[in-house]
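Here is a short briefing on one model. It covers the sheet, the core, the ligand shell and a helix residue.

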Amino acid sequence: MSLLEGKIVIITGAASDRGMGRATALKMGSEGATVVVTDKLKNKDIGPVQEVVDQIIRDGGRAFGIGLDVTNDDDIKNLVDQVIAQYGRIDILFNNAGVPAGVGDFLNLDESDWRLAFDVHVFGMVKLIKAVLPHMIAQGAGVIVNNASTAGLAGLAQFSGYGASKFAVVGLTKHLAAEYGSHSIRINCVCPGMIDTAMSDIEVSGFMKDHNVDRDTAIKELSMLVPLGKYGDPAEVADAVVFLSSDQSKYITGIALPVAGGMSAGL
Ligand SMILES: NC(=O)c1ccc[n+]([C@@H]2O[C@H](COP(=O)([O-])OP(=O)(O)OC[C@H]3O[C@@H](n4cnc5c(N)ncnc54)[C@H](O)[C@@H]3O)[C@@H](O)[C@H]2O)c1
């Protein structure tokens, strides 16, 4: 029996080439879920979203795609209306969308950096959860997994705006878990460490520039920060999200699960 057989799942930020959203969409599709693949569209182009949908269907799964900017109220309403009209329920929400905002020297971050980090990570999540929760309450069950970060668990130089927004994601997760457990709704978050995606490329490029080294050297040096000695694969985060979404974790709610190769071991 597949872990998510028959479940209706929404995933945000799921179309990025090597991203965790995409990896989770593919994994959930292979575990029997119907995956609603969403992402912010560039120039109204649904192409990258449709690519993920096509891949899931090629692999024998079920999926459909829709544009969703998590900061846009109309997009959120349209998404939830469409999913409810088509399937009548929403079993799982993976809030994954994220931006490398609020990163850099604190004194050089301006208000717009801070606002972007909080708009996407915190208010985007708040709005989507607010739209989805009434349906989960009516169903008497539901699962929400939020993508936070190890930067939401501990202080890190150069990450003040991004990290503060991820601390808020961890806090939101725990408070909502406490509030909605009585409705059989479980709410957890994953806290990835250094995962090999387009977003972490920015950190690698910064290291190359600061230390005047090539990409391989930068990755080797940065990997030394990880006890398991390597960058994480997006699929390894997807495994954790599937676990937290499935009945395998049915007595787990309100946790912030590091998926970080041991980077959080000292916390
Ligand atoms: N890469 C890492 O090392 C790392 C570590 C910890 C946490 N994270 C978090 O993991 C999540 C996934 O990031 P990733 O590394 O896979 O990066 P990614 O850039 O591959 O994916 C981020 C996705 O979010 C989407 N997005 C951005 N703004 C959006 C908006 N307004 N509305 C909807 N979608 C939007 C992007 O289009 C993209 O598809 C993010 O929340 C990120 O903060 C990443």
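Which residues does V169 touch, not counting residues up to four places away in sequence? V169 touches H121, V122, M125, N146, A148, G152 and C189. Touching, or being in contact, means that C-beta atoms, placed from the backbone, lie within 7 Å. This is a predicted model: local features need pLDDT of at least 70, side-chain atom pairs count only at pLDDT 80 or more, and totals for chains, interfaces and linings use all residues. Residues are numbered from 1 along each chain as its sequence is written.

**V169**
- V169 lies in helix 5 (residues 160-180). Helices (H or I, at least four residues) and strands (E, at least two) are DSSP runs, numbered from the N terminus.
- V169 is buried because 23 other C-beta atoms lie within 10 Å. The cut-offs are 20 or more such atoms within 10 Å for buried, 12 or fewer for exposed, and in between for partly exposed, with C-beta atoms placed from the backbone.
- S149 is 20 residues away from V169 along the chain, and their C-alpha atoms are separated by 8.9 Å.

- Strand 4 (residues 92-95) is covered on both faces. I92 and F94 are buried on one side, L93 and N95 on the other.
- In a regular strand, side chains alternate between the two faces of the sheet.
- Strand 1 (residues 8-11) runs parallel to strand 4, joined by three bridges. Pairing requires at least two bridges found by DSSP.
- I11 stands opposite F94 in strand 4.
- Strand 5 (residues 142-147) also pairs with strand 4 in the parallel sense, over four bridges. Here L93 stands opposite I144.
- A right-handed β-α-β crossover leads from strand 4 through helix 4 to strand 5. Right-handed means that, with the strands pointing away from the viewer, the path from the first strand over the helix to the second runs clockwise.

**Nonpolar core**
- The largest nonpolar core has 71 residues; V9, V35, V37 and V190 touch the most other members. Such a core is a set of buried Ala, Val, Leu, Ile, Met, Phe, Trp, Tyr and Cys residues joined through C-beta atoms within 7 Å.
- Helix 4 (residues 111-139) gives the most to this core, seven residues.
- Beyond four places in sequence, the contacts of V9 include V35, I92 and F94.

**Ligand shell**
- The ligand is surrounded by 27 residues, the closest being G13, S16, G19, A97 and G98. Membership requires a C-beta atom, placed from the backbone, within 6 Å.
- Helix 6 gives the largest share, three residues.

Conventions
Two residues are in contact if their C-beta atoms, placed from the backbone, lie within 7 Å.
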